[in-house]
Amino acid sequence: MNQKFAGVKGMNDLLPGEIEIWQHVESTAHAVLARYGYSEVRTPVVEDTALFVRSVGETTDIVGKEMYTFDDKAGRSLTLRPEGTAPAARAYIEHSVQNLEPVSRWYYVGPMFRYERMKTGRYRQFFQLGVEAYGIAEPAEDVEQMELVTHLLARLGLTGVSLNLNSLGDDACRPEYQKKLVGYLEAHREALCAECKERLTRNPLRVLDCKNERCQEIARGAPSILEMLCQPCQAHFAEVQRLLGVLRVPYVLNPRLVRGLDYYTRTAFELVAADPVLGTASAVGGGGRYDKLVESLGGSAVPAVGFALGLDRLCLLAKAAGQVPTGRPELFVVTVGPAARDRALELATGLRHAGHRVELDARGGSVKSQMKRADKSAATYALVLGDQELAEGVAQLKPMAGGEPVRVALDRLEATLTELKQS
Ligand code: AMP
């Protein structure tokens, strides 16, 4: 027997029946983003490994444990992108975009790769919709993005997602906070999980969002970064909150919200869903401000803010919320006799060119078996065309949901379908 292959563990196939929800989510996103002045960018799925090490951070889980890294034939170390912010910033710098325009609003949709432990809603290839705005340091830009994402989720019919908000401070205040946090956590070291014991030296902020219950309890008693922000960070954060109020965007203050990547400064936010379809993978997206990233990757000092949504999780939610668009044809053409078959091909082609969704099945067969296929295709109407009807220039249009067939003149077919679609 020939060997059968399976897809790579943690990487999913998206087939008809499922892809429709993805297309619906993506097309809604394209439309919403265009209204807010965002343009799409596409960058390669592989980048120089050092790009991620430098930007995401050496001590993060992503860089430390999860990257798909390999040497190409010339011995260069390349990595399948684990996230999209660093590649977008790389492209922004490489093409000197800051010299072309003071403000750029970009978004991307595409696969990301992380070697993670798998469970519901967590895969090794997953898709993100990422949004990045370069060139504006003002809090209003952070708020515009949070309003945008809230609006997009509402357009997708996803209620029950809450916006968590925090400030991570900046170089002036975060180191001081980190010192205080480490002091507090050291006193509880013994009670922390093994991973957090390690985080304590590598990346102590991450202890705050550990999912382990005992770690969470310890995190609840930890000092809050919001009490230690320097004056400029405090002013920025106050303005973010005031403007969210002006736009009536609901949010929850969460001083334990940190992000898994090192490049964030000031505003950090995450979108968390309560829906059980996601299991423990409740975050559908997250982002924040990263004012130092472009400069740290060799560009000029360009402030930026962005977020990424996990499309796999959004689609799980949209499906659970009953947002399942179908790929139903309007018309399934059933033919009797060879002359009718030729004419049916012509008719179907003409109708498709005019914008209708039409199916026919070249296998032919009895009317009964063709009607069965029409039923299975979930078409709204079947068009029955026999040699007899053809001679008269008519066909029978049968509503598949039941009801009497009606005779339609073939030269009126397109107009009739259009009218029916509009009624
Ligand atoms: P992050 O920047 O890591 O917070 O990722 C942003 C969003 O991408 C998350 O909120 C998730 O919705 C999604 N995401 C991250 N990792 C995975 C994964 N392994 N599988 C599926 N979705 C993911």
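This is a predicted model: local features need pLDDT of at least 70, side-chain atom pairs count only at pLDDT 80 or more; totals for chains, interfaces and linings use all residues.

Reader: How many cavities of 30 Å³ or more does the structure hold?

Author: Rolling a probe the size of a water molecule over the atoms shows where empty space is left. On a 1 Å grid over the protein atoms alone, a cavity is a set of points where a 1.4 Å probe fits but cannot get out, and lining residues have an atom within 4 Å of a point. Grid points are joined across faces, edges and corners, and the volume is the space filled by probe spheres set on them. Here there is 1 cavity of that size, with about 40 Å³ of space in the largest cavity.

Reader: Which residues line the largest cavity?

Author: The lining consists of V41, T43, R81, G84, P87, A88, Y108 and M112. Helix α4 (85-94) and strand β5 (104-113) each supply at least two of the lining residues; helices (H or I, at least four residues) and strands (E, at least two) are DSSP runs, numbered from the N terminus. By class, the lining has 5 nonpolar, 2 polar and 1 charged residues. Ala, Val, Leu, Ile, Met, Phe, Trp, Tyr, Cys and Pro count as nonpolar, Asp, Glu, Lys and Arg as charged, and the others, Gly among them, as polar.

Reader: At what angle do α2 and α4 pack?

Author: Axes are lines fitted to C-alpha atoms, for helices over the stretch in contact, and angles run from 0 to 180 degrees between N-to-C directions. Helix α2 (residues 49-56) packs on α4 at about 110°, with the axes 10 Å apart. That makes α2 roughly perpendicular to α4 (65 to 115 degrees). L51, F52 and S55 in α2 meet A86, P87 and R90 in α4, where contact means heavy atoms within 4.5 Å.

Reader: And which residues of α1 and α12 meet?

Author: I21, W22, V25 and E26 in α1 meet L311, D312, L314, C315, A318 and K319 in α12. This contact has 7 nonpolar, no polar and 3 charged residues.

Reader: Last one: is D411 buried or exposed?

Author: D411 is exposed, at 72% relative accessible area (exposed is over 50%, buried under 20%, partly exposed in between; 1.4 Å probe, protein chains only). D411 lies in the loop between β16 (406-409) and α16 (413-422).

Conventions:
Residues are numbered from 1 along each chain as its sequence is written. Side-chain values use heavy atoms; hydrogens and water are left out. On a 1 Å grid over the protein atoms alone, a cavity is a set of points where a 1.4 Å probe fits but cannot get out, and a pocket is an open set with protein on both sides within 12 Å along at least five of seven lines; lining residues have an atom within 4 Å of a point. Angles under 35 degrees count as roughly parallel, over 145 as roughly antiparallel, 65 to 115 as roughly perpendicular and the rest as oblique.
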